[in-house]
Amino acid sequence: MRSRKLLLLVTLAALLVGAVPASAGDILGFTEEVSPAAETNATEPSVAVDRSDGTIYTAWQASGTHVARSDDGGRSFVQTPIVNLFGNDIGDVHVRVGGPTPCTTPTSTCLPGKHRVYVTSLEKLPFLLQTHLAYSDDRGASWTVNEVAAVNPSFIDRPWLAVYPSKTNANLDSVYISYHDFSASQIWVASSHNGGQTFVQTNVFANDPLAEVQSFCNTVPSDIEVDPETGDVYVQWITADPVANTTEGCNITQLENFHQVWVAHSADGGLTWDAHQVFDGGPTTNTDKIFATLAVDDSGKLGVGGNVYSVFPDNLRGANVFDIWFSHSSNKAQTWSPLVRVNSDKGTHYFPWIAAGSTGRVDFIWLNTPDYTPTDAEKSPWYVTFAQTINGISATPKFNQTSGSSSVMHVGGICTNGIFCTVNDGNRDLADSISIAIDRGGSAALAWTDQGRVLHGPTHITYGCNTSQQTAYTNANQGLSCKGPLGP
């Protein structure tokens, strides 16, 4: 077990004398390295927390898919590899927790009284660039793999996962996988209502000509989420416009400015969708500093829908000024509030991800550097930031921003053009995404790709439990923050 990097109460004295600026507040909690020391290319983590007992699951890619579990609130991790007859897949992973395991007595693959965990990934075999769904009913000790969870003849890119857990039996979980294809770049959702055993696929654009026209041939799929009280499903993507999409890349280069954000909604389990535009910044702006992210808060009342939140980076204040922007909808994504800037500091802000708790409460993670034009030559320093709002449905929401990482986690530029970063020798060491969840005490569970201060050095996955702000769930017991079934 590598040494634990307990995160510092180090700024406590400074806080007492008012010396710490609001944009760089105290880190309370700790961080821990998740991926094994032998892995030097771990990227794109996804984190989920079983809020029934505090178990943490983190998945990432490193020449295939990897998963680890923590039973002590993130202070140590046990590797729980997915063993597949067809070997390693490609990556692009996402992890979520489902409903109660379907057994009443222990078996070789099922532990009663626990919850199912799901992981999606792009597969290499038996079907190239399709989507695996692996699930475990024994806390990752063994996995069942659906080799054909989502299948498309035009191939699949960047699958995201959402789960509406059954309260009684994981075999009744509703499981959703969103992605885009590699031809017309349509947004698809594969839906299962039997715990991921079988899926039906729908084209999100099928009933919405406007979304089709605006998005045709170039989209970036950007998260899928489920309302915890109604089961309504929301899927998000970014795009450019018909002219740019068809003349500047058409799902090939990702070099044009993606300036439109869209969210589609389904109230019938993913069969039909209505799509609505969240925002269009115009062709001189660019949301593709990747990805847009989505969350739905919990109304706390069964059958009563929550508010939907869309967050994305954009350079609305200047060509090289990338900030994090926030909008919400209180009518199932039909209309959206004016944008509000989240970050309070200067510099460049990429890779946002969010998680919502009780009404109006949203937690954020993103990467930031004080440089406006970060480059490898300058060894621009990057940090992890955590932020929170507790009045996210206000016309003027307030955001409290604090540090997420105790030190620099990357130096250099960050290229967001996907595989075409190789064309301009862009720095894609971190790949494309980081992650956040809410633990059972209502505190933030963070996961990011960490490279330290070494330009093009090895990468590993860092987990952080951050208790620096308020509980994201008003009814949570904060005394359970950063604690799993084994404590501490």
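## Overall shape

What share of the contacts in the chain with a separation of 6 or more comes from residues 24 or more positions apart? In this predicted model, such residues account for 60% of those contacts.

Let's look at the chain as a whole. It holds three helices and 30 strands. Along the principal axes, the C-alpha atoms fill a box of roughly 55 × 55 × 45 Å. A compact globule with 488 residues would have a radius of gyration near 23 Å, and the chain has 21 Å, so the two agree. Of the 488 residues, 62% count as buried.

## The nonpolar core

In soluble globular proteins, nonpolar side chains tend to be buried together. Here, the largest nonpolar core has 57 residues. Val204, Val235, Trp237 and Leu367 are the ones with the most contacts inside this core. Strand β16, which covers residues 233-239, gives the most to the core, with five residues.

## The largest pocket

Rolling a probe the size of a water molecule over the atoms shows where empty space is left. The largest pocket has a volume of about 1200 Å³, and 42 residues line it.

The elements that give two or more residues to the largest pocket are β3 (43-50), β7 (91-100), β11 (156-164), β15 (219-226), β19 (293-296), β23 (348-356) and β28 (435-438). By class, the lining of the largest pocket divides into 22 nonpolar, eleven polar and nine charged residues.

## The second largest pocket

The second largest pocket has a volume of about 670 Å³. Of the 31 residues that line this pocket, Asp157, Gly418, Ile419, Arg428 and Asp432 are the closest to its centre.

Which elements each supply at least two residues of the lining of the second largest pocket? They are β3, β11 and β15. The lining residues of the second largest pocket comprise 14 nonpolar, eleven polar and six charged.

Now for the cavities. The count comes to three cavities of 30 Å³ or more, and about 50 Å³ of space lies in the largest cavity. The residues that line the largest cavity are Glu44, Pro45, Ser46, Val93, His94, Trp160, Trp353, Ser433, Ile434 and Ser435.

Strands β3 and β7 each supply at least two residues of the lining of the largest cavity. Of the elements, β3 gives the most to this lining, with three residues. Sorted by class, the lining of the largest cavity has five nonpolar, four polar and one charged residues.

## A closer look at valine 340

Valine 340 lies in strand β22, which spans residues 340-341. Is valine 340 buried or exposed? Its relative accessibility is 19%, and because buried means under 20%, valine 340 counts as buried.

Which residues does valine 340 touch, not counting residues up to four places away in sequence? They are Ile324, Trp325, Phe326, Ala395, Pro397 and Phe399. Take phenylalanine 326 as one example: valine 340 and phenylalanine 326 are 14 residues apart in sequence, and their C-alpha atoms are 5.2 Å apart in space.

Technical notes:
Residues are numbered from 1 along each chain as its sequence is written. This is a predicted model: local features need pLDDT of at least 70, side-chain atom pairs count only at pLDDT 80 or more; totals for chains, interfaces and linings use all residues. Side-chain values use heavy atoms; hydrogens and water are left out. A nonpolar core is a set of buried Ala, Val, Leu, Ile, Met, Phe, Trp, Tyr and Cys residues joined through side-chain atoms within 4.5 Å. Buried means under 20% relative accessible area, exposed over 50%, partly exposed in between (1.4 Å probe, protein chains only). Helices (H or I, at least four residues) and strands (E, at least two) are DSSP runs, numbered from the N terminus. On a 1 Å grid over the protein atoms alone, a cavity is a set of points where a 1.4 Å probe fits but cannot get out, and a pocket is an open set with protein on both sides within 12 Å along at least five of seven lines; lining residues have an atom within 4 Å of a point. Grid points are joined across faces, edges and corners, and a volume is the space filled by probe spheres set on the points. Ala, Val, Leu, Ile, Met, Phe, Trp, Tyr, Cys and Pro count as nonpolar, Asp, Glu, Lys and Arg as charged, and the others, Gly among them, as polar. The radius of gyration is taken over C-alpha atoms; the globule rule is 2.2 Å times the number of residues to the power 0.38. Contact means heavy atoms within 4.5 Å.
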